[in-house]
Amino acid sequence: MELTIKILIYIHAFFGGIGLITGIGSVIVKKGKPLHRKTGKLFSIGMLTSSILSLIVCCFPKHHNIFLFLIGLFTIYLVISGNRALTFKNKAKADLTDKITSGTMLFFSVIMISLGIYCQLNSIENGILFTFFGGFGFYMTVKDFIYFRNLSEKNKGWLSKHIGKMIGALIASITAFIVAGLGIGNIITWITPSIIGTLYIIYWNRKLKSKTVKTIKVQV
């Protein structure tokens, strides 16, 4: 049993490494080009495989970890939702898959927040992390449904959603490397990548809005 778990952990780490390297590569290369699309696909495969394996490992005896299990689900949501955002380039309505993806994460975000509150009230370790990541998940999924409701041919915003979700998944990869790979597992190392990543997402959103405004002015 332990040998099987160890093999799964090694495979999980291998694909996590692929996700980390290709994720950083997709950020560096020019967006929309063939190399960006290729690194993006490898990133998605690496992160999904690594995250699914982490869910499996967390279900084995002596390896139960509800926090890592929920973080794995969060990462899967980010990758799937980030790729689903690309489909909105050619459609103006969310389908059942989009709603199930966001709805499932919304459900688990509420669980994370509830566990966080419980842990903090009872001085249990990782309480603040449950609350922090659960709050992030809740915020992102609520925004998903607002986006679905206001979606139209003139107001798609698919690129902004794609960048935000994929950067979020990359943050998860970088955090996993710092915590698991380097063995630095304090609250600061868990939260700092998310803060930096959020600032990067804000930068890109402003950049995209600036381009949109310039395009509108040219058309006028």
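S54 counts as buried because its relative accessibility is 14%, where buried means under 20% relative accessible area, exposed over 50% and partly exposed in between, with a 1.4 Å probe and protein chains only. The model is predicted: local features need pLDDT of at least 70, side-chain atom pairs count only at pLDDT 80 or more, and totals for chains, interfaces and linings use all residues. Residues are numbered from 1 along each chain as its sequence is written, and side-chain values use heavy atoms, with hydrogens and water left out.

**S54 and helix 2**

- S54 sits in helix 2, residues 34–57; helices are DSSP runs of H or I with at least four residues, numbered from the N terminus.
- Not counting residues up to four places away in sequence, S54 touches H12 and G72, a contact being heavy atoms within 4.5 Å.

**Second largest pocket**

- The second largest pocket holds about 650 Å³ of space; the volume is the space filled by probe spheres set on grid points, which are joined across faces, edges and corners.
- A pocket is found on a 1 Å grid over the protein atoms alone, as an open set of points with protein on both sides within 12 Å along at least five of seven lines. Lining residues have an atom within 4 Å of a point.
- Its lining has 25 residues, and G32, H36, L86, L159 and H162 lie nearest the centre of the pocket.
- Two or more lining residues come from each of helix 1 (2–28), helix 2, helix 6 (158–181) and helix 7 (187–219).
- Helix 6 supplies the largest share of this lining, 7 residues.
- By class, the lining has 12 nonpolar, 8 polar and 5 charged residues. Nonpolar here covers Ala, Val, Leu, Ile, Met, Phe, Trp, Tyr, Cys and Pro, charged covers Asp, Glu, Lys and Arg, and the others, Gly among them, count as polar.

**Nonpolar cores**

- The largest nonpolar core has 25 residues, and F67, F74 and F133 touch the most other members. Such a core is a set of buried Ala, Val, Leu, Ile, Met, Phe, Trp, Tyr and Cys residues joined through side-chain atoms within 4.5 Å.
- At least two residues of this core come from each of helix 2, helix 3 (66–84), helix 4 (96–121), helix 5 (127–150), helix 6 and helix 7.
- The element that gives the most to this core is helix 3, with 9 residues.
- Apart from neighbours within four places in sequence, F133 is in contact with F67, I71, F74, M112, W190 and S194.
- A second, separate core has 6 residues, including I167, I171, I201 and L208.

- S160 lies in helix 6 and is partly exposed because its relative accessibility is 27%.
- Beyond four places in sequence, S160 contacts N205 and L208.
- The side chains of S160 and N205 are joined by a polar contact of 2.5 Å. The term denotes a pair of N or O atoms within 3.5 Å; within protein, one must be able to donate a hydrogen and the other to accept it, and residues adjacent in sequence count only if both atoms are side-chain atoms.
- S160 and S51 are 109 residues apart in sequence, with 24 Å between their C-alpha atoms.
- K161, also in helix 6, is buried, with a relative accessible area of 16%.
- With neighbours within four places in sequence left aside, K161 contacts A85, D144 and Y147.

**Helix 7: T192**

- T192 is a residue of helix 7 and counts as partly exposed at 33% relative accessibility.
- From T192 to G164, 28 residues apart along the chain, the C-alpha separation is 17 Å.

Technical notes. On a 1 Å grid over the protein atoms alone, a cavity is a set of points where a 1.4 Å probe fits but cannot get out, and a pocket is an open set with protein on both sides within 12 Å along at least five of seven lines; lining residues have an atom within 4 Å of a point.
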